[in-house]
Amino acid sequence: MFLTAVARPLLGFDGKIEIWPFVVQEAAKRTSKNRKAGTMETKEMKSVDKEVMWCFFIEKLLPAIKKKWPFNNCKKIFIQQDNAKPHVHENDKKFVEAVRSYGLDIELLCQPPNNPDLNVLDLGFFSAISSLHHIDAPTTVDEFIASVTRAFENFSVEDENNVFVTLQSCMKEILRIKGGILYKIPHMHK
C-alpha cells in the first residue's frame with residue numbers, strides 16, 4: 001500500500017508530488033538461504049491506522065507539497081482522500097496546526113461516498129502504474145517498491161493530464177444527471 005500525492009499538471013509542473021510505501025524495516029529473526037539472522041528486511045505494515053496516516057501527512061506529504069508546489073499558480077490546495085477510517089479527519093487540530101506551521105493554505109476533503117470515479121488515483125492513475133510496474137516482475141518487497149516508484153516517475157505528464165480530463169468529464173456527467181452514479185464515463189478520444 002502506498003500514499004500517493006498528485007495534482008493536475010501545470011506549465012513547468014508535472015503534477016507528481018510523491019509516492020510513499022507503507023513499510024517498516026525489521027531485523028530477520030532466523031537465518032535462511034536468502035539472508036542471515038539480524039539482516040534488516042523491508043516488510044509491509046500490518047495495519048495503517050490514524051496515527052500512521054497522520055505521521056505520513058505531517059512528516060512526508062506536507063514537506064513534499066512545500067517543496068514541489070508551484071505557488072505562483074495557485075495558493076489554495078485541496079487534498080482529497082477517500083473515506084477510509086484511518087484517514088486524517090478534515091478538521092484535525094494537529095493537521096491544521098502543522099499546515100499553518102508550513103505556511104500553507106490546505107483544505108482536507110473526503111471524496112463523495114460510493115463513487116470511485118471522483119478519485120483521480122482510482123480513475124486511472126493506479127491502473128496505469130500497475131501495468132507499468134508489472135513489466136519488472138519484482139520478487140521482493142524492495143524490488144516491488146522500486147518498481148512502483150519507477151512506474152510513478154515514468155508516468156507521462158500527458159497521461160496524467162488525461163486522467164484529470166476524465167475526472168472532469170465524470171463530474172460533468174454527475175451534474176448532467178443531477179447527482180448519483182448511474183452514468184457512463186464518456187469516451188473523449190484522448
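Student: What makes the contact between the side chains of Asp105 and Lys76 a salt bridge?

Tutor: In this predicted model, the side chains of Asp105 and Lys76 meet at 3.5 Å, N to O, and the rule asks for a side-chain nitrogen of Lys or Arg within 4 Å of a carboxyl oxygen of Asp or Glu, so the pair counts as a salt bridge. Asp105 lies in strand β6 (residues 105-110) and Lys76 in strand β5, so this pair ties together parts that are 29 residues apart in sequence.

Student: Why is Asp105 called partly exposed, and why does Lys76 count as partly exposed?

Tutor: Asp105 has a relative accessible area of 37% and Lys76 one of 30%; since buried means under 20% and exposed means over 50%, Asp105 falls in between, and Lys76 does so too.

Student: What makes the meeting of Glu107 and Lys76 a salt bridge?

Tutor: The side chains of Glu107 and Lys76 meet at 3.4 Å, N to O, which is within the 4 Å of the rule, and therefore the name applies. Glu107 lies in strand β6 and Lys76 in strand β5, so the pair ties together parts that are 31 residues apart in sequence. Glu107 is itself partly exposed, with a relative accessible area of 32%.

Student: Which residues do salt bridges that share partners join into one network?

Tutor: That network consists of Arg35, Glu41 and Lys43, and one of its links is the salt bridge between Lys43 and Glu41, at 3.6 Å, N to O. By the rule for such pairs, the count comes to 7 salt bridges.

Student: What is the make-up of the lining of the largest pocket?

Tutor: The lining of the largest pocket has 27 nonpolar, 6 polar and 4 charged residues, and the space inside comes to about 1100 Å³. Among its 37 lining residues, Val6, Phe78, Ile79, Gln80 and Val120 lie nearest the centre, while strand β5 supplies the largest share, 6 residues.

Conventions. Residues numbered from 1 in each chain as written. Predicted model: local features only at pLDDT ≥ 70, side-chain atom pairs only at ≥ 80, totals over all residues. Heavy atoms only, no water. 1 Å grid on protein atoms, 1.4 Å probe; cavity = no way out; pocket = protein on both sides within 12 Å on 5 of 7 lines; lining within 4 Å. Points joined across faces, edges and corners; volume = space filled by probe spheres on them. Helix = DSSP H or I, 4+ residues; strand = E, 2+ residues; numbered from the N terminus. Nonpolar A, V, L, I, M, F, W, Y, C, P; charged D, E, K, R; others polar. Buried < 20%, exposed > 50% of the residue type's maximum accessible area, 1.4 Å probe, protein only.
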